[in-house]
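Colleague: I would like to go through the labels attached to this model and hear what each one rests on. Please give the criterion wherever the conclusion needs it.

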Amino acid sequence: MSRWIVLVLFAGGLACTGTEGPAPGDGPLPGTGGHTGVGGAGTGGHYVATGGRATGGSTTTGGAVGTGGAGTGGAKATGGAGASSVGAYTDVPCDVAKILKTSCGMCHGATPSYGAPMSLIRAADFSKKARDGSRTVGQAVIARINDDVSPMPQAPTPRLTSAENGSLTTWIQGGAKSAACSDSGSEGTQPPETNNDPTDPDVTCYDIKARNSSGAKFSVPNTPDLYHCFSYAPPWGTDKVHLVSWRPIIDNRQVIHHWLLYNENSAVTDKTDADCAGAHPNAQLVVGWAPGGPGTTMPPDVGQDMSGAGFTLETHYNNTGTAASPDGSGVHVCVTKKLRKYEAGIHWLGTELILLPAGGQAAGLCSPSAKTPVTIISSTPHMHLQGRHMTTVINRANGTKETLIDKPFDFQTQIGYQTPTTIMPGDTLTTTCTYGGQAIYGEGTKQEMCYNFVLAYPNGGLSSGSLLRKNGCTGL
Ligand code: HEC
């Protein structure tokens, strides 16, 4: 179960230039996970992560890829019920079946989901041609499970262990022969759909979903790797609110790959949508989701700052079918006008000084000016296409060092990690970004950034007093 545990939350602002700060998102990681790099006393149980919702699962029975685009039907895919393909995994060895089902099945089931191009359930699936035509799927599998830049499974699903990697590789290299194992279970476990709406009377929830100008589901063209942005005026009007929980709405899982929600500094035109490219110069990331990521509930006394003039839901679609397919995925957010005791906000750690040859590293020091303790909830690394790895280390005033986060980075699956700890006056934080190719600072996706968007309270607690932007804590 720790599979979805990884959170995905993103809070950060992608966008690059914003002057304002933050938007939070938080992310909880469910207690386990190992994902939390933090040294500190991990406060785990503070946050509750709820499972992602998979509505829409096509209830494919029979293993046949039956339901084409019908993904939106409604059947809730709870724990594994995503599709009960009778006969799935019947002719691969049992150890291989287990790996395929647990680590790949959410996406590469009888009906591929979340943009995955093919099924991985039968021995014959491995001798088919991979997308690029030059190798078999089996060869592509060996390459991708060892690819540290674009690994399979993709985050937040954990990578294979070396034992699992070895079993799968040995079987493929031996010809991916069929064997008898009737692991006829589901095509892969889908995260449970969990309702995490708070019951407090002052909390109101809203759906921010993909839709066209008349409110109907967005018709997703079968253009590969499509980034499409939907604009929304704040559904709660102009009053100040705090975000207290959110969860993903997964409608058509055959086409949705991931989404990010941004809070815009200037007004947007409600009910509009357009193709977009992944750069948001005038906005902050609020929350984000990738398959396997749960939702988040804030601690009872904390609310995330949502001030901003409007929202952009940026969806990444991968419709590998032959026709357009409707989707209404997005995010269910719950907010309150009764502001919580502590306001959390996104803080910008990292550096703007990036001018590097291929393979270089850039580092930024955050020296908070706050004279009070600051509670960190989550960290969301943000770089662009060349970003490969990020670490943030806490330099305690007494000379000891603790790792806040130490994670590989993939532009395609940006996720947040719960990194609970407390920063005391006198402590500083060093964020180091590693790049694959040449890296020059800028807002375009072909230029680079080095930000760890840290959700923490009090809002502004990790600011260095920079004039560049609110909650900025970047430096040399
Ligand atoms: C959360 C969803 C998800 C999971 C889990 C996942 N994949 Fe994928 N996979 C994708 C998507 C989306 C693509 C297409 C985009 C890409 O290539 O990165 C893909 C592409 C691939 C490709 C490239 C196919 C080609 O023809 O080039 C291979 C190989 C692959 N996956 C293998 C695996 C294996 C093996 C596992 C499990 C060990 C796995 N994947 C788990 C979503 C997933």
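Colleague: The model is predicted. What covers the buried residues of α1?

Modeller: The cover over the buried residues of α1 includes α3 (162-173).

Colleague: Which residues of α1 are called buried, and what makes them so?

Modeller: They are V96, A97, I99, L100, K101, S103 and C104.

Colleague: What makes L385 partly exposed?

Modeller: L385 has 17 other C-beta atoms within 10 Å. Buried would need 20 or more and exposed 12 or fewer, so a count of 17 falls in between and L385 is called partly exposed. L385 sits in the loop between β17 (374-382) and β18 (387-395). The C-alpha atom of L385 is 7.7 Å from that of D410, although 25 residues separate the two along the chain.

Colleague: How do you know that the ligand lies between two domains?

Modeller: Both domain 1 (2-13 + 29-35 + 47-55 + 193-274 + 286-342) and domain 2 (70-173) contribute residues to the shell around the ligand, so the ligand is placed between them.

Colleague: Which residues come nearest to the ligand, and which helix gives the most to the shell?

Modeller: Of the 27 residues around the ligand, the nearest are C104, C107, A130, R131 and M152. Helix α2 gives the most, with five residues. Both α1 (94-104) and α2 (137-145) supply at least two residues of the shell. By class, the shell holds 16 nonpolar, nine polar and two charged residues.

Colleague: Why are β5 and β10 called paired strands?

Modeller: Pairing requires at least two bridges, and strand β5 (residues 242-249) and strand β10 (residues 302-305) have two, so they qualify as a pair. The sense is antiparallel, and L243 stands opposite Q304 in β10.

Colleague: How many bridges join β10 to β14, and do the strands run parallel or antiparallel?

Modeller: Three bridges join β10 to strand β14 (residues 342-350), and the two run parallel. Within β14, A344 is the bridge partner of Q304.

Key
Residues are numbered from 1 along each chain as its sequence is written. This is a predicted model: local features need pLDDT of at least 70, side-chain atom pairs count only at pLDDT 80 or more; totals for chains, interfaces and linings use all residues. A residue is near a molecule or strand if its C-beta atom, placed from the backbone, lies within 6 Å of it. Helices (H or I, at least four residues) and strands (E, at least two) are DSSP runs, numbered from the N terminus. Ala, Val, Leu, Ile, Met, Phe, Trp, Tyr, Cys and Pro count as nonpolar, Asp, Glu, Lys and Arg as charged, and the others, Gly among them, as polar. Domain bounds come from an automatic or database domain assignment. Two residues are in contact if their C-beta atoms, placed from the backbone, lie within 7 Å.
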